[in-house]
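Biologist: Hi! I'd like to go through this one with you, piece by piece. Could you put it up on the screen?

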Amino acid sequence: MSGSAVNKAADGSGDAASDTPARGTFRARRAVVVGVCVVLMMLVVAFLADMATAARGEYRMSRSLQASPRITYDPEVTLGGFPYVTHASRGEFSGATITARGVAVDGCRIRRGCTAELGARLGTLTVPNGWNIGPSEAIHTASVAAYTRLDSVNLGRFLDILDLTVNTPAPEGKAGGGGPQDGLLHRSSGVLLTGTVALPPSAHPLPSTGSETTPVPADTPSASEYRGRRAKVSVSVDLSIRAGRLHLEATGFYTGPEEHESAPELDGDENAALRAAVLDRFTTTLPRLPLPWGIIPTGAHSEGSDVLLVADTGPRQLRPRDF
């Protein structure tokens, strides 16, 4: 065999020897990648299965809450704790959030009635059966933060001011609507209410059709359609609780930086009695409003364009049917 042939043979054997460890490294890496992908897929499947199980458990609790006579629509329920399967097996959850919308409330001046949103945030809770929380199950919770929310439409129906709007003003020296960017989420004093009211001597505003002596129907759709003496004004109102009921106290006409309405016909010393009568239209104590589980309200504040009754309590035993 020639020298060149020997060299080629030698070179070929060298390439084959070097390919062997390279192929082994590739196979090892591929096995690791496949293993990681399998583990990730198993984790995703387990996560989705846990979410589906949690959704079923939350739906069962929602249906149990609907056993309460005041609940019309399925409440929204979120049970805290991950993974859900573990917490349900123990009958222990890190907390729960409940929101029930469209709850009918009594005492409204409008024939078609008023509605509110009732909600609660529960602290750490234990239940007999974490897989199926029934209407009569005893829920032991470390704390309850309950609220009843009235939007501006329903608050206006209680006040008989049908174009009422609610605003949470920003702090002095700051523009905006008092949102999180201003460091203000809610307030109990200086809440801005705007609406159209009748001016004395008329006891009620009049509809746009009919005579000047025809009383306004209880369900007149819009204050902007009133005839007769009326004024659209913005006032500052303080919110408080009196004997478990929401009280609104108008403290004066609003003249701050937020968008507001003013009525020139109310200016002048000779109209002091007229201004007092207008402020009186924004001052009232609402009928008793329900809170979840009959908890007594301890405070009230505005939040954006809504008004809330709130209450915080310590450990309690609750039943979904009593919501």
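Biologist: How many disulfides does the count come to?
Modeller: The count comes to 1 disulfide, where a disulfide is a pair of cysteine sulfur atoms within 2.5 Å. C108 and C114 form it, with their sulfur atoms 1.8 Å apart. One caution: this is a predicted model, so local features need pLDDT of at least 70 and side-chain atom pairs count only at pLDDT 80 or more, while totals for chains, interfaces and linings use all residues. Residues are numbered from 1 along each chain as its sequence is written, and side-chain values use heavy atoms, with hydrogens and water left out.

Biologist: Thanks! Are C108 and C114 buried or exposed?
Modeller: Both C108 and C114 are buried. Buried means under 20% relative accessible area, exposed means over 50%, and partly exposed is in between, using a 1.4 Å probe and protein chains only.

Biologist: Let's zoom out. How many helices and strands does the protein have?
Modeller: The protein has 4 helices and 15 strands. These are DSSP runs numbered from the N terminus: helices are H or I with at least four residues, strands are E with at least two. Of its 323 residues, 41% count as buried.

Biologist: And the accessible surface, what does that come to?
Modeller: About 17000 Å², and 55% of that belongs to carbon and sulfur atoms. The areas come from the Shrake-Rupley method with a 1.4 Å probe; for residues, only the protein chains shown count as cover.

Biologist: Now the sheet with β8 in it. What is the strand order?
Modeller: The order is β8-β9-β10-β11-β12, 5 strands in an open sheet with antiparallel pairing. Two strands pair if DSSP finds at least two bridges between them. The edge strands are β8 (165-167) and β12 (284-285), each pairing on one side only.

Biologist: Which residues pair up around β9?
Modeller: β8 and β9 are antiparallel over 3 bridges, and N167 has L192 in β9 as its bridge partner. On to β10: 8 bridges join β9 (residues 191-198) to β10 (residues 230-242), again antiparallel. There, T194 has S234 as its bridge partner, L193 stands opposite V235, and A198 is partnered by R230.

Biologist: Why is β9 said to be largely enclosed?
Modeller: Because 8 of the 8 residues of β9 are buried, the strand is largely enclosed by the rest of the structure. Both faces are covered: V191, L193, G195 and V197 are buried on one side, and L192, T194, T196 and A198 on the other.

Biologist: Which residues of α4 are buried?
Modeller: L274, V278, L279 and R281 are buried. They sit on the same side of α4 because they cover an arc of only 150° around the axis; the arc is that of the directions from the helix axis to the C-beta atoms. The face turned away from the buried side carries the exposed residues A273 and D280.

Biologist: What do the buried ones pack against?
Modeller: The buried residues of α4 pack against α3, β9, β10 and β11. Contact here means heavy atoms within 4.5 Å.

Biologist: Last topic: E58. Where is E58 found, and what does it touch?
Modeller: E58 is found in helix α1 (residues 3-65) and is buried, with a relative accessible area of 17%. Not counting residues up to four places away in sequence, E58 touches V77, T78 and L79. E58 and L79 are 21 residues apart in sequence and 6.6 Å apart in space, C-alpha to C-alpha.
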